[in-house]
Amino acid sequence: MKEINDLNLPDNLKYTDDHEWADTSGDVVTIGINDYAQDQLGEIVFVELPEVGDTFSKGDEFGSVESVKAVSEIYIPISGEVVGINEDLEDAPELVNESCYEGGWLIKVKPEDTAELDGLMDKAAYLAMLKG
Amino acid sequence: MDQRPGTSGLIFNEPQLWDKSRKGRCGISLPRSDVERSEMDSSLTGDAPDLPQLCEMDVVRHYTRLSQWNFGVDSGMYPLGSCTMKYNPKTNEVQAARQGLAGAHPLSGDQFSQGALKLMYNLEQFLAQITGFDAVTLQPAAGAHGELAGMLMIHAYHAKNGRQRSKIIIPDTAHGTNPASASLCGYESVNIKSGPDGILEPSAVSAVMDEDTAGIMVTNPNTLGLFESNIKEIAQIVHAKGGLVYGDGANMNAIMGIVKPGEIGIDVLHLNLHKTFSTPHGGGGPGSGPVGVVKALEPFLPVPRVEKNLDTYAFVNDCPDSIGRLHTFYGHFGIMIRAYAYILSMGGKGLTDASKLAVLNANYVKESLKGTLNLPYDKPCMHECVFNDAIQQQNHITTMDMAKRLLDYGFHPPTVYFPLVVDGAFMVEPTETESKEYIDQFIYAVKAIAKEARNTPEKLKNAPVMTKVTRLDEVSAARKPCLRG
């Protein structure tokens, strides 16, 4: 498994306590699990996602990722409506391991309250949280 | 001295029965019919089932060879934590095969089934006595089914009281099936974390317990193998708000004869006869998950109930508040016979001693391997102990690698990566039926493997090498399952 200093954590993304990432640069927020999460889980064999049109409140469980070791829930970083899901993951769940920020994104959400985005961590704050 | 039980030997390949099939080959020979052939109505006939054509020896060798690839508690130690893979005494099988029991028919009616009904009634009484509950049902087919039965009764209890509730509290050290059982009753799980020493703190429960919460599901001892010592206080908090306490009794093997769950605030509890009461577990036969309840929940037990009037026994269906029937006929009767045989042959003192030895054995393993493996919760354990791979990670060796290498040493691996509260968990439950000699062999094997992890880690990465099949590609199997032969 990777050392904390070896993790790939892009500067332009926001992070959560539960190791999700969120790309908040556009009107629609793209969400996935970060390098730390995919590395800890090990080889991912199945990804369960919600349906387009589902709505969630911040912190709700919106799906799960199954690795050889365990099934883990994934939590939504912001409230809103799902407007896109990564359908490629159905046949190629390994994309989450190989490319967690590009080909392995999970869902796109139209945020209900953009003020919630301010509560997410930047890279420095997330790294500080990981190091405890 | 190398005292590992595992060694190499000649193992036979064996194709599938379809590949052995040869047209016209047959295992029986019937005499030529001396009765004139009579054609049946075409509506009653059809194509014969398509079965492989084999002689008796083909079939005997097939299954004998498959059995030789297998590993069971009859071949070696099977320390699968949370599963209680104890030895199944052969007397259980002798009793279950007795003609009067094996030949009993579920449609014979009460008057011709008095012996079977008496056995069920007595087994319910024994289990009630062991657990401290007022009544027991034997109907659920296994542990998770017992959980569902228990949760349905909690649901029925709240409905009867006139106000249904919407939530249930489930700690992170509960068994994994608990949230599923609660969801099937329409309850939303409220997850709470155990405290820093691995057990539940009353404050965590009181923070979330309210009058919309149906109750709490507690596994005690929990999946870290630790006794929930705050259980009485937790039960009081839940009861004060009108909730009920569900106890997962899967770990009853640690406290049988020592603690009665019915006396520490638990309202409903399932047992696993295939764990605690030595009936076959996993692939060896069906399970059985009896449920014990306090007086207030008795009206909700599944039907039919077994009742005794003077010296006769009868099935009773007239229970208007019952959650109904959960299984065809009366549950897995053959398994009840085995558990009954076990209880009678052990006796009260024997059952208590079994729990004491199960706990002693687990603590012996824990103390012996502490330092060799990392022990996240270093305190006296119950019937199982949970290590992890934090020390071996320095050499990039994981719990999975060590588990696979244990196969080469002749042991079934322990439970791995569960419970989730321990990262890289390696969960050992030796059970009371392993002698000190066998347990010492296991300890020796784990120590030898830890040494290999430091000096020759490739041996672990490639393990197992002595088994019929070596390391399987579990990732491809899960990602691209091949579901047809």
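A crossing of two helices is left-handed if the near helix is turned anticlockwise from the far one by less than a right angle, and right-handed if clockwise. The model to which this term is applied below is predicted, so that local features need pLDDT of at least 70 and side-chain atom pairs count only at pLDDT 80 or more, whereas totals for chains, interfaces and linings use all residues. Residues are numbered from 1 along each chain as its sequence is written, while chains are lettered from A and ligands numbered from 1 in the order in which they are written.

The axes of helix H11 (residues 399-408) and helix H12 (residues 436-455) of chain B come within 10 Å and cross at roughly 125°, the axes being lines fitted to C-alpha atoms, for helices over the stretch in contact, with angles from 0 to 180 degrees between N-to-C directions. Because of that angle H11(B) is oblique to H12(B), given that angles under 35 degrees count as roughly parallel, over 145 as roughly antiparallel, 65 to 115 as roughly perpendicular and the rest as oblique. The crossing of H11(B) and H12(B) is right-handed. Contact, which requires C-beta atoms, placed from the backbone, to lie within 7 Å, brings B:Met402, B:Arg405 and B:Leu406 of H11(B) together with B:Ala445, B:Ile449 and B:Glu452 of H12(B). By class, the residues of this contact are 4 nonpolar, no polar and 2 charged, where Ala, Val, Leu, Ile, Met, Phe, Trp, Tyr, Cys and Pro count as nonpolar, Asp, Glu, Lys and Arg as charged, and the others, Gly among them, as polar.

Strands pair if DSSP finds at least two bridges between them; E11(B) and E12(B) have 2 bridges in the antiparallel sense, and B:Val416 has B:Phe426 in E12(B) as its bridge partner. The loop between strand E11 (415-416) and strand E12 (425-428) of chain B holds B:Pro419, which a cis peptide bond, with omega about 0°, joins to B:Phe418.

On the scale of domains, whose bounds come from an automatic or database domain assignment, chain B is given domain 1 (91-345) and domain 2 (349-467). The C-alpha centres of these two domains of chain B lie 30 Å apart, and 20 residues of domain 1 are in contact with 17 residues of domain 2.

Chain A meets chain B through a contact that takes 9 residues from chain A and 7 residues from chain B. In chain A, an open antiparallel sheet of 3 strands has the order E4-E6-E7. Strand E4 (44-48) and strand E7 (71-75) of chain A each have a single partner strand, so one side of each is left without a neighbour in the sheet. Strand E6 (residues 61-67) of chain A pairs with E7(A) over 5 bridges in the antiparallel sense, and A:Glu61 stands opposite A:Tyr75 in E7(A).

Notes. Two residues are in contact if their C-beta atoms, placed from the backbone, lie within 7 Å. Helices (H or I, at least four residues) and strands (E, at least two) are DSSP runs, numbered from the N terminus.
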